[in-house]
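Dear colleague,

Please find below the structure that I am handing over to you. My findings follow directly after it.

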Amino acid sequence: MDKSLADKVIIVTGAGGGIGRESCRVFAAAGARLVLADIGEQGLRETLEAIKNDGFDAETITVDVGSEDSVRNMVEQTVARHGRLDGAFNNAAVEQIGKILTDITLAEWERTIKVDLTGVFLCLKYQIPAMLKNGGGSIVNTSSGVASAAIPYCAEYVSAKSGVVGLTRAAAVDYGSMGIRVNAILPGIIRTPMVQRLLDDPQFAVMFERLRERHVIGRFGESSEVGEAAKWLLSDASSFVHGASITVDGGIGANGA
Ligand SMILES: NC(=O)c1ccc[n+]([C@@H]2O[C@H](COP(=O)([O-])OP(=O)(O)OC[C@H]3O[C@@H](n4cnc5c(N)ncnc54)[C@H](O)[C@@H]3O)[C@@H](O)[C@H]2O)c1
């Protein structure tokens with residue numbers, strides 16, 4: 001039995017959705033003590049039910065990662081309940097709104113940056129001090145393949161996800177010597193509710209079909225495949241991996257054809 005996360009207290013944001021939910025199932029099966037965090041209560045309930053059906057347990061907390069008070073509360077509640085924090089999968093985000101750059105309003109830009117980039121900053125800001133109190137920890141931030149190669153009509157999302165890569169490196173440089181490892185995962189296209197919403201949009205459906213062909217493995221990814229990579233990064237098995245951006249993308253990032 002995989003016990004690579006045994007007794008590690010781990011916060012997962014975006015736990016109520018695709019990659020977050022399936023990753024939580026992977027982490028729970030590896031022995032993690034999970035705090036499932038999301039802005040959506042229904043999604044959290046469904047994830048908890050899935051974990052219980054698998055024979056494991058977890059706690060839930062609602063959070064808006066774009067709100068400093070809410071993120072501080074998430075970390076404080078976790079430490080109050082479990083006495084410490086060992087890991088975090090900062091995975092919550094909103095998707096691209098689908099406009100060419102000059103049509104994006106300032107309000108739309110600011111909303112995406114607030115959730116997808118500032119949200120990760122706030123999580124790091126409160127998780128790192130909590131981890132330092134017990135000697136260190138491992139943090140995994142979800143970026144995206146679009147941080148390496150942009151796709152059309154995604155300027156605000158590409159910018160936020162590129163920022164997550166930079167933020168990951170900056171945090172790694174600042175805190176690596178203190179026992180905190182920080183890495184990013186760059187997924188290719190993963191079959192989740194977020195992607196389904198984009199596939200339902202004719203503008204994105206055509207583009208996503210073209211992108212499917214560029215995944216060398218010949219298909220979109222599954223959320224659990226991202227979860228397996230995140231599990232390894234959260235575990236001590238990846239102890240010398242630090243400040244890295246790991247693609248989990250079926251080879252699309254390597255495909256120059
Ligand atoms: N699915 C893909 O193909 C893909 C590709 C690259 C990167 N990603 C990234 O992977 C992560 C997960 O995406 P997904 O496809 O599972 O999306 P999803 O929409 O299925 O799940 C995202 C979750 O984040 C939550 N969320 C949104 N705003 C929040 C907020 N302010 N505070 C807390 N929670 C909030 C949502 O409620 C949802 O449960 C995201 O960071 C996304 O950008 C996804």
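In this predicted model, a backbone N or O atom of Gly18 lies 3.1 Å from an oxygen atom of the ligand. Taken alone, the ligand exposes 820 Å², of which the protein buries 92%.

The shell around the ligand comprises 29 residues, and the closest are Asp38, Tyr157, Lys161, Ile190 and Thr192. By class, this shell has 15 nonpolar, 10 polar and 4 charged residues. Helix 1 (18-29), helix 5 (155-175) and helix 6 (193-199) each supply at least two of the shell residues. Helix 6 gives the most, with 4 residues.

The largest nonpolar core has 30 residues, of which Val65, Val71, Met74, Leu124, Ile139 and Val182 touch the most other members. At least two residues of this core come from each of strand 1 (9-13), strand 2 (33-38), helix 3 (68-82), helix 4, helix 5 and strand 6 (180-187). Helix 4 gives the most to this core, with 9 residues. Apart from this core lies another, of 28 residues, including Val12, Ala30, Leu48 and Val226.

Leaving aside neighbours within four places in sequence, Val182 is in contact with Leu124, Ile139, Asn141, Thr168, Ala171, Ala172, His242, Gly243 and Ala244.

His82 lies in helix 3. His82 counts as buried because its relative accessibility is 15%, under the 20% limit for that class. The side chain of His82 makes a polar contact of 3.2 Å with the side chain of Arg33 and a polar contact of 3.4 Å with that of Glu59. With neighbours within four places in sequence left aside, the residues in contact with His82 are Val9, Arg33, Val35 and Glu59.

Lys114 is found in helix 4, which spans residues 106-132. Lys114 has a relative accessibility of 46% and therefore counts as partly exposed. Beyond neighbours within four places in sequence, Lys114 is in contact with Gly66 and Gly119. The C-alpha atoms of Lys114 and Val94 are separated by 9.8 Å, and the two residues are 20 residues apart along the chain.

Finally, two residues deserve attention for their backbone angles. Most residues other than glycine have a negative phi. Asp7, however, has a positive phi, near 65°. Asp7 is placed in the segment before strand 1 and is partly exposed, with a relative accessible area of 48%. Tyr153 is likewise not a glycine and has a positive phi of about 60°. The place of Tyr153 is in the loop between strand 5 (137-142) and helix 5. With a relative accessible area of 38%, Tyr153 is partly exposed.

With kind regards

Notes. Residues numbered from 1 in each chain as written. Predicted model: local features only at pLDDT ≥ 70, side-chain atom pairs only at ≥ 80, totals over all residues. Heavy atoms only, no water. Buried < 20%, exposed > 50% of the residue type's maximum accessible area, 1.4 Å probe, protein only. Contact = heavy atoms within 4.5 Å. Near = heavy atom within 4 Å. Polar contact = N/O pair within 3.5 Å; in protein donor to acceptor, adjacent residues only side chain to side chain. Areas by Shrake-Rupley, 256 points an atom, 1.4 Å probe, with all protein chains shown as cover. Nonpolar A, V, L, I, M, F, W, Y, C, P; charged D, E, K, R; others polar. Core = buried A, V, L, I, M, F, W, Y, C linked by side-chain atoms within 4.5 Å.
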